[in-house]
Amino acid sequence: MTLVAAAAAAPAWTAHDTRLILCAAAAVALVVLLVVRAGLHAFPALMAGSLLMGLAAGEAPNAVAASFESGVGGVLGNVGVVLALGTMLGRLLADSGGADRIAEVLVSRSGRRLAPWTMALIAMIIGIPLFFEIGVVLLIPVIFTVARRLEAAGPDPGGHDTYLLVGLPALAGLSVLHGLVPPHPGPLIAIAAVRASLGTTLLYGLIVAVPTVLISGPLFALLASRWAVARPPQRLVEQVTRETRVENPPGFGVTLFTILLPVALMLVRTVADLRLGATDPTRRWCDFVGEPIVALLIAVLVALHTFGTARGVDRRRLGTLLGDSLAPAASILLIIGSGGGFKQVLIDSGIGGALATAARHTSLSLLLLAWLVAVLIRLATGSATVATVTAAGIIAPVVAASPSANRALVALAIGTGSLFLSHVNDAGFWLINQYFGMTVRDTFTTWSAMETLISVVGLVCVLGLGTVV
């Protein structure tokens with residue numbers, strides 16, 4: 001759909017609107033300077049940018065603080081619980097040996113030719129409950145182990161760098177799920193902001209994710225592994241590829257069932273909403289168990305048995321494990337919360353409305369506009385999550401003024417835009433750079449190029465889906 005018709009009915013543009021948008025642009029620039037130049041953590045940087053933006057826009061000082069607090073609470077009230085439960089599930093998966101079991105079974109049934117495709121599949125399975133950075137840390141031992149086994153079998157006949165050949169598909173699987181598929185925090189934030197259907201967005205997200213991963217992962221890796229070289233630190237490779245046997249690991253089927261359980265419950269909710277009446281008691285229960293926080297809680301409780309007590313792990317040990325798993329999530333939670341505060345100040349100060357007016361005067365389709373806004377914020381801040389939170393807040397008023405908009409596709413367009421061109425202001429860029437021992441140039445031509453390809457291919461898939469649904 002285009003916004004031409006909406007532009008005709010849009011309020012006239014005023015000097016005040018121009019001032020508000022300049023305030024928003026200055027606030028984003030300030031956040032970038034504080035993070036990139038001053039080296040400040042994203043949480044206080046976003047908080048400072050939000051408060052100064054609200055004051056510059058003319059909002060009362062006490063109202064600015066209240067807006068920020070409201071935005072933080074609104075985001076963390078749901079997403080914070082999802083992230084905490086997902087982190088717990090991921091830790092249980094890793095410590096039980098379940099992740100290794102999935103990798104072992106799938107890799108043992110594929111040779112060198114199928115290895116890139118297998119690694120993409122492994123990442124998409126393991127990455128369901130994991131935040132991106134956590135997923136990278138968990139998958140690095142699998143990637144390095146597979147690469148060493150392939151190298152030991154002989155040189156690659158196609159001249160590919162083995163570490164990149166198997167590593168890039170795994171990174172693509174993690175990145176796509178992180179940006180497009182609930183219960184990851186980014187997609188949930190976009191879904192809530194534009195008031196999209198969770199089940200529909202999940203279904204569309206999976207439809208978009210599969211071709212996006214295949215093109216941007218295994219197919220791209222076949223090319224990129226020829227023009228770049230990875231030289232992971234030898235001590236790191238030796239450390240993470242040591243044969244560490246977990247006593248009595250869970251079976252492949254049990255592991256797969258546990259990891260896919262939350263997604264299955266959310267899909268059950270979607271089916272119930274489509275097939276059953278609003279007052280049907282079965283639908284109400286399906287809606288309950290398909291709620292992301294409930295679905296993940298059920299999965300964690302099941303995992304405590306399948307990954308814990310069924311293997312003879314002491315309950316006290318499991319409690320300690322769950323507590324320890326939350327520490328790495330603290331920084332992520334604060335960044336997500338401050339992004340929510342930034343979004344709320346945008347809305348309450350009137351900047352969101354001004355941006356909506358500007359959007360309605362453009363001729364861009366709503367999906368392209370949502371993607372472009374997320375791309376610009378991603379390039380400026382380096383954070384996919386911040387890009388999603390902020391872009392969703394900016395686009396939400398436009399969606400509200402467009403009754404015919406496909407809200408699920410808008411949420412996915414924001415998600416694809418948030419993955420565009422990871423570069424030097426993104427922690428993920430340096431994480432990949434250091435783990436794979438690449439030069440900055442090679443990191444750009446592999447990791448950054450792959451993220452850009454993911455964003456563009458994802459957008460094309462979203463636009464294509466928009467023509468048939």
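Val-210 counts as partly exposed, because its relative accessibility is 43% and the class called partly exposed lies between buried, under 20% relative accessible area, and exposed, over 50% (1.4 Å probe, protein chains only). This residue lies in helix α10, where helices (H or I, at least four residues) and strands (E, at least two) are DSSP runs numbered from the N terminus. The structure is a predicted model, in which local features need pLDDT of at least 70 and side-chain atom pairs count only at pLDDT 80 or more, while totals for chains, interfaces and linings use all residues. Residues are numbered from 1 along each chain as its sequence is written, and side-chain values use heavy atoms, with hydrogens and water left out.

Val-210 also belongs to a nonpolar patch on the surface, which it forms together with Leu-114, Trp-117, Leu-214, Ile-215, Leu-219 and Leu-222, and the accessible area of these residues together is about 530 Å². Patches are made of residues with over 30% relative accessible area and no salt bridge, with like charges joined within 9 Å and nonpolar side chains (Val, Leu, Ile, Met, Phe, Trp, Tyr) within 5 Å. Helix α10, which spans residues 198-227, supplies the largest share of the patch, five residues.

From this patch we can turn to the chain as a whole. The chain contains 22 helices and zero strands, and of its 469 residues 55% count as buried. Its accessible surface comes to about 19,000 Å², and 65% of that surface belongs to carbon and sulfur atoms; such areas come from the Shrake-Rupley method with a 1.4 Å probe, and for residues only the protein chains shown count as cover. If one takes the contacts (heavy atoms within 4.5 Å) between residues at least 6 apart in sequence, 81% of them join residues at least 24 apart.

The interior comes next. A nonpolar core is a set of buried Ala, Val, Leu, Ile, Met, Phe, Trp, Tyr and Cys residues joined through side-chain atoms within 4.5 Å, and the largest one here has 120 residues, with Met-119, Leu-139, Ile-143, Ile-395, Val-410, Ile-414 and Phe-436 having the most contacts inside it. Helix α8, residues 162-180, gives the most to this core, namely 11 residues.

Side chains of opposite charge can pair when their charged atoms come close. A salt bridge is counted when a side-chain nitrogen of Lys or Arg is within 4 Å of a carboxyl oxygen of Asp or Glu, and by this rule the count comes to six. One of them joins Asp-287 to Arg-269, with the closest N and O atoms 4.0 Å apart; this pair links distant parts of the chain, since Asp-287 is in helix α13 (residues 281-289) and Arg-269 is in helix α12 (residues 252-275), 18 residues apart. Asp-287 counts as partly exposed because its relative accessibility is 23%, whereas Arg-269, at 19%, counts as buried.

Asp-287 meets Arg-283 as well, in a salt bridge of 3.7 Å from N to O. Because Arg-283 and Asp-287 are four residues apart in helix α13, they are separated by about one helical turn, and Arg-283 counts as buried, at 19% relative accessibility. In another salt bridge the side chains of Glu-451 and Arg-378 meet at 3.3 Å, N to O, and this pair links distant parts of the chain, with Glu-451 in helix α22 (residues 440-466) and Arg-378 in helix α18 (residues 366-381), 73 residues apart. Both Glu-451 and Arg-378 are buried. Through salt bridges that share partners, Arg-269, Arg-283, Asp-287 and Glu-291 are joined into one network.

Arg-195, in the loop between α9 (185-194) and α10, has a phi near 60°, a positive value in a residue other than glycine, and Arg-195 is exposed, with a relative accessible area of 68%. Leu-421, in the loop between α20 and α21 (427-436), has a phi near 40°, again positive in a residue other than glycine, and Leu-421 counts as partly exposed at 28% relative accessibility.

Finally, there is the matter of confidence. The pLDDT, the predictor's confidence in each residue from 0 to 100, averages 81 over the chain, and 88% of the residues score at least 70.
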